[in-house]
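Please keep the structure open while reading.

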Amino acid sequence: MHTVVRGAGALGLTALLLASSAGCQGGTTSAAEPAPTSPATASATGALTSVHLDWEACPAPNAAQGGGTAPAADWQCATLKVPLDYTKPSDGTIDLALIRSRAKDEQHRIGSLLFNFGGPGGSGVATLPALAAAYASLNTRYDLVSFDPRGVGASAGVKCLDDKAMDASNAIDNTPDNPAAVKALDDTTAQFNAACERNSGPVLPFVDTESAARDLDLMRQALGDQRLHYFGISYGTELGGVYAHLFPKQVGRLVLDSVVDPTKDPLQASLGQAKGFQLALEDFMKACSSQVSDCPTGKGGAEGTARIAELLQKLEQTPLPTSSSRQLTEGLAVTGIAGALYSQETWPALATGLAEAMRQGSGTMLLQLADGLLGRDPNGHYNNLNAANRAISCVDAKQRYSDQDVEQQLAQFRTASPVFGPFVAWGLTGCTGWPVPGRTDRPDVAAPGAAPILVVGTTGDPATPVEGARAMAQQLGAGVGVTVTLQGEGHGGYNTGNPCLKQTVDSYLLDGKVPADGTVCSSPAT
């Protein structure tokens with residue numbers, strides 16, 4: 001079971017915590033004010049004659065959303081009916097779950113700002129209240145709105161394996177190096193995919209990103225906005241780019257942060273991600289060696305990578321005990337290490353986890369980090385992030401990779417990262433045997449005529465390397481994609497709290513000031 005395939009966004013570990021940084025270069029120009037809001041209009045599908053939302057107090061998140069307590073009283077929830085199949089809108093609808101916090105300054109309200117936090121498969125209904133403090137400045141003039149995309153959480157959430165079976169699936173050897181191990185991994189993939197078809201078959205053909213983008217436009221109408229104002233993180237950038245392609249004239253103010261490269265196929269994207277995580281790991285090890293006495297990865301670099309590789313090799317043969325009845329396997333260790341690299345705020349936990357595993361023979365901390373990324377709570381319950389991630393990824397992409405394809409590519413993946421390369425490479429087989437064919441080779445995000453879209457990349461981003469932002473801006477088209485680069489670490493630039501980046505994005509969203517293309521924000525020296 002693999003989750004390090006498409007960026008996880010602001011999910012799992014509460015990884016996108018607020019940090020402080022500084023430094024900014026680049027000027028701004030003014031953008032036109034957004035069109036005035038209007039009442040919801042008739043749906044373009046022809047099947048829904050109107051779109052309407054009844055807002056009420058929010059319940060506690062359900063198990064598929066990750067569970068927990070109900071958000072505070074100032075949050076409101078609603079459901080929106082959308083066609084299951086946009087090519088046959090009369091064939092039935094599904095309900096999408098939405099959540100909002102009303103603008104604090106109603107007199108100067110701009111409209112609604114929709115968020116997608118990535119995955120694909122992350123519950124926006126559960127995530128937005130948890131991260132709302134990071135967007136307080138935007139909440140002055142925007143209603144903050146998020147949603148569970150189709151196939152996610154409370155929006156016809158895809159169901160696959162039960163909790164016990166998920167534990168077994170995640171513990172499998174997912175870097176096989178002999179025929180028996182390859183067969184075991186293939187069997188696990190087949191069992192997972194068959195469970196998805198058995199439990200959610202009718203929904204699987206329709207959880208694609210294009211349909212989700214069409215859902216966004218119905219949300220725009222239901223919220224009373226003539227144009228869409230949107231903040232997409234990680235996979236949410238792909239969703240935003242596809243929306244801009246389908247509805248360029250409805251683009252209001254869009255921010256795409258930590259960008260999925262629309263020019264790469266799954267193999268190229270996975271190879272880039274292996275390199276990205278290796279770069280982030282090396283940055284972590286450098287910081288650890290300078291800040292932590294007796295750092296478990298030594299001086300970092302080749303020495304640190306070798307120490308981690310040695311640990312993983314031992315785990316492949318003998319998993320480590322933890323404070324629970326579960327064990328830390330090689331795959332879970334890689335997942336935990338990867339999860340901790342999403343934010344500098346979790347680097348200390350990674351240092352502790354590696355020291356614990358290497359010196360004390362305990363895998364407790366690394367297992368906790370892995371569970372955060374996998375969507376497993378302390379009681380052993382999984383949200384549907386893994387199921388939705390697989391379903392959306394596999395219906396989006398036409399490519400299907402065999403064991404032989406992976407074996408032919410393993411050398412370059414190992415070169416890219418001895419730690420993450422094999423893990424990410426074998427993840428390419430996840431869609432093999434998927435019951436629904438994929439739709440496209442690559443997403444089309446060309447949006448000629450759209451208003452300027454802010455495209456944000458971070459130089460140390462492990463999950464969506466900074467090159468993806470440049471590619472997205474180019475694909476959006478001249479005069480549309482405007483790049484802003486954060487020189488720093490982590491996945492999700494705005495949520496690092498970097499003052500320069502925050503000011504740049506806020507000025508764009510709140511005042512319509514489009515920064516100069518190529519603006520750079522830097523972090524302080526560490």
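The model is predicted, so local features need pLDDT of at least 70 and side-chain atom pairs count only at pLDDT 80 or more, while totals for chains, interfaces and linings use all residues. Residues are numbered from 1 along each chain as its sequence is written, and side-chain values use heavy atoms, with hydrogens and water left out.

## Disulfides

A disulfide is a covalent bond between the sulfur atoms of two cysteines. Here the term stands for a pair of cysteine sulfur atoms within 2.5 Å. The structure holds 5 disulfides. The table gives three of them, including C160 to C196.

| Pair | S to S distance | Torsion about the S-S bond |
|---|---|---|
| C160 and C196 | 1.9 Å | 105° |
| C394 and C431 | 2.0 Å | -90° |
| C500 and C521 | 1.9 Å | about -60° |

The link of C160 and C196 is right-handed. Helices (H or I, at least four residues) and strands (E, at least two) are DSSP runs, numbered from the N terminus. C160 has 9% relative accessibility and counts as buried. C196 is buried too, at 0%. Buried means under 20% relative accessible area, exposed means over 50%, and partly exposed lies in between (1.4 Å probe, protein chains only).

The link of C394 and C431 is left-handed. It connects distant parts of the chain, 37 residues apart. C394 sits in helix 11 (residues 385-396), and C431 sits in the loop between helix 13 (421-426) and strand 12 (453-460). C394 is buried at 0% relative accessible area. C431 is buried at 15%.

For C500 and C521, the torsion is about -60°, so this disulfide is left-handed. C500 belongs to helix 15 (residues 499-511) and C521 to strand 15 (residues 519-522), 21 residues apart. Both C500 and C521 are buried.

## Nonpolar cores

In soluble globular proteins, nonpolar side chains tend to be buried together. A nonpolar core is a set of buried Ala, Val, Leu, Ile, Met, Phe, Trp, Tyr and Cys residues joined through side-chain atoms within 4.5 Å. Which residues touch the most other members of the largest nonpolar core? They are F284, L341, F420 and L476, in a core of 116 residues. Helix 6 (residues 266-291) gives the most to this core, with 10 residues. Leaving aside neighbours within four places in sequence, F284 is in contact with T297, L341, W347, L350, A351 and L354. Contact means heavy atoms within 4.5 Å. Another core, of 35 residues, lies apart from the largest one. Its members include A97, A134, I233 and V484.

## Two single residues

Q65 is found in the loop between strand 3 (56-57) and strand 4 (75-83). Q65 counts as buried, at 10% relative accessibility. Its side chain makes a polar contact with the side chain of D148 (2.8 Å). A polar contact is a pair of N or O atoms within 3.5 Å; within protein, one must be able to donate a hydrogen and the other to accept it, and residues adjacent in sequence count only if both atoms are side-chain atoms. Beyond four places in sequence, the contacts of Q65 include S123, V125, G153 and N383.

T483 is in strand 13 (residues 481-489). T483 is buried, with a relative accessible area of 15%. Not counting residues up to four places away in sequence, T483 touches V455, A469, R470, A473, A516, D517, G518 and T519.
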